Amino acid sequence: MKYSHLKIGLFIPCYVDQFYPQVGIATLELLEKLGCKVGFPLNQTCCGQPMANSGFEHLTNDCNSLFMGSFSEYDYIVSPSGSCVLHIKDHLKVEGKEVESKAVRKKVYELVEFITDVLKIDNLEASFPHRVGLHQGCHGQRGLHLAQMSELNAEPFSKPETLLKNVKGLNLVELDRKDECCGFGGTFCVSEEAVSVKMGKDRVADHIRHDAEYITGSDMSCLMHLDGILKRKNSSVQVKHIAEILNSAVG
Amino acid sequence: MSKVTLDHASASDVFNADEPYVNWHDETLWFVRHKRDKSSKQLPEWEALRQTASDIKHYVLSHLDTLLETFERKAKENGVHVHWASTAAEHNEIVLGLLRKHNIDRMVKSKSMLTEECHMNDFLAKNGIEVIDTDLGERIVQLRNEPPSHIVLPAIHLKKQDIGVLFHEHLGTEEGATDPQYLTEAARQHLRDKFLTRRAALTGVNFAVAETGGFVVSTNEGNADMGAHLADIHIACMGFEKIIPKQEHLGVFLRLLARSATGQPITTYSSHFKKPREGQEMHIILLDNGRSTQLGREDFRNSLKCIRCGACMNTCPVYRRSGGHSYHNAVAGPIGSILAPNLDMTKNADLPFASTLCGSCSNVCPVKIDIHDQLYKWRQVLVKQGHVPKGKEIGIKAMSVVLSQPRFYQWSGKLGRAVMKAMPFVVNNSLNPWYKNREMPEPPQESFRDWYIRNRK
């Protein structure tokens, strides 16, 4: 296998571990099917973002230290969450271990960018015959540049769209606002409940207006929030992490 | 205005009670953002312009002392009086002093967010001076006795029906009239009389040019010109960061300002003021009011690059769904949220948290202020200085303890999921803000880690 020499550490964010094991499984299976040697350090917990975004970055040293201890031996750290990856990339710091911290920050990748940029694969030969709307998580998009941002006067591109367009039978729906935030925002989703919910409702409405059967994305946190809204309104539209779609029927 | 000030989340809750209204507010501002996109994409050099503007402002912020002194010297040579004010109160006193000296008790004022920041109208009113705002949007909110909800579009939170009711009451327009042209004409006639009879006019300043001592005021209505040209005294007020080094730099900023603000290539009027006409007095007030403190905060210094275009408000998904007044600060939205804590951390501690950190604001900013990064950094400062609710602090501390210890985390997760399964009412209740309008995720039988151990170890 072409990639078997790479030591890949799988980082499954805390809430995915606890609530969405199927996303972790899809990520692992997908990477394995692509020929990667993947390890899952059992002592991992969280990227520290929930504390840091609430203003408590100074309380994340132990969490960061745990992360570094779990992953420093790997060549690449791959995770199915743009938001957690961005947080590690921008903020992972362990006191007294600046060099090692930097090394970890440099080798962490979100799943989609790992596939398109490191493995350099565009077509996963998956099959998912449905109408799908792509929700671009802000941190993945604006932070990790998984796709061009509508605010900029620059060439359009989209790494997740590239992969999704090559999925057999998948019909990617156009949205009115393709990179508007869903309103999850970590603790924002409860501390600013009214705005958070309204933002989520508006995102969901955009997908429904364009007859999406599924909403996908590379951040389960956004999808969890959108799913909560969909379920409350008894909608038949479902959310599915992009790893689950890309892992469907890989040859 | 003795209303109780609600924090951003509570004010947003009130704002969101009327969903069709929120939809309208969101669509209206999104339309402006869309116009900005279209117009910026017509300039192939757009991104380079933004970088150039940011670089010029960078130079300005590191040479403020000499640039301001040069500006003062040049302005004085042009026959302009220059005043320095270190606080809002000093600024207001200077304006009052000038008016008293000339026995003036009525003044027209074009748009100036600085005077909002200084609460100047209230201060002058208490001292017997009547100020008439001549920008249409500002006049509207002034008649309603409320602050602007947006720095460029002060009355964007109001529908034409609201204006009809207001003008019927104050300007005697026909009851039920909502035709924008009719209402605007009424405002025009009302304001014309004020322009013709006021001896003093106050304007803001968009750009002050160090090398010439001149300054530029951008408006769409020409009301700054009308006021300044007819008055015996023209008072121009500016925050000292409005300085730019050279006249030629206007070519960068004027191209960015209106495109970012409304999608227009340029404002209808870009009026260059340099010296008073014969018999007129011209005054410029240079205000600090916390700007030197912000300049000294390395992480937040770049917020002083702001040219007040309002693009970050129009693009902000939170602003569009909470309205400008929810920010309880003269400057609302993302930029207001990084400026306000500098003025008063206690009062404005909620604002940096009124964001999902989506980053759209930084992308539209014509001077490339790292707004969302500064929001994150303000959160750290505010927490360290104790401006955070105790309950939140306890919760986050507990979370950090759990997440720092793998076994504790695994055990808590298992327990939490079991409780959610067995007793869903523990989380599915009105005490859980998530559950108010969203279902909780379905807890699975096992975590990914459990699955991994069963299947891969």
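Q: Which residue in β8(A) is the bridge partner of A:Tyr214?
A: That's A:Gln238. A quick heads-up: this is a predicted model, where local features need pLDDT of at least 70, side-chain atom pairs count only at pLDDT 80 or more, and totals for chains, interfaces and linings use all residues. Residues are numbered from 1 along each chain as its sequence is written, while chains are lettered from A and ligands numbered from 1 in the order in which they are written.

Q: What makes β7 and β8 of chain A a pair?
A: Two strands pair if DSSP finds at least two bridges between them. Here 4 bridges join β7 (residues 214–217) to β8(A), and the two run parallel, so they pass the test.

Q: In what order do the 4 strands of the open sheet in chain A come?
A: The order is β6-β5-β7-β8, with parallel pairing. β6 (171–172) and β8 (238–241) of chain A each have a single partner strand, so they stand at the edges, with one side of each lacking a neighbour in the sheet.

Q: What makes something count as a helix or a strand here?
A: Both are DSSP runs, numbered from the N terminus: helices are H or I with at least four residues, strands are E with at least two. Counted like that, chain A has 13 helices and 8 strands.

Q: Why is β5 of chain A called mostly covered?
A: A residue is buried if 20 or more other C-beta atoms lie within 10 Å of its own, exposed if 12 or fewer, and partly exposed in between, with C-beta atoms placed from the backbone. In β5 (residues 131–135), 4 of the 5 residues are buried. Across the 251 residues of chain A, 60% count as buried.

Q: Is B:Thr178 buried, exposed or partly exposed, and what makes it that?
A: B:Thr178 has 16 other C-beta atoms within 10 Å, so it is partly exposed. You'll find B:Thr178 in the loop between α9 (160–171) and α10 (180–197) of chain B.

Q: Which residues does B:Thr178 touch, not counting those up to four places away in sequence?
A: They are B:Lys160, B:Gln161 and B:Gly164. Residues are in contact if their C-beta atoms, placed from the backbone, lie within 7 Å.

Q: How many residues of each chain are in contact with the other?
A: 58 residues of chain B are in contact with 58 residues of chain A. On the chain B side, they divide into 28 nonpolar, 15 polar and 15 charged. Ala, Val, Leu, Ile, Met, Phe, Trp, Tyr, Cys and Pro count as nonpolar, Asp, Glu, Lys and Arg as charged, and the others, Gly among them, as polar.

Q: How do you know that the radius of gyration of chain A agrees with a compact globule?
A: The radius is taken over C-alpha atoms, and the globule rule is 2.2 Å times the number of residues to the power 0.38. With 251 residues, that gives near 18 Å, and chain A has 18 Å, so the two agree. Its C-alpha atoms fill a box of roughly 50 × 45 × 40 Å along the principal axes.

Q: What confidence does the predictor give chain B?
A: pLDDT is the predictor's confidence in each residue, from 0 to 100. Chain B averages 96, and 99% of its residues score at least 70.

Technical notes: Two residues are in contact if their C-beta atoms, placed from the backbone, lie within 7 Å.
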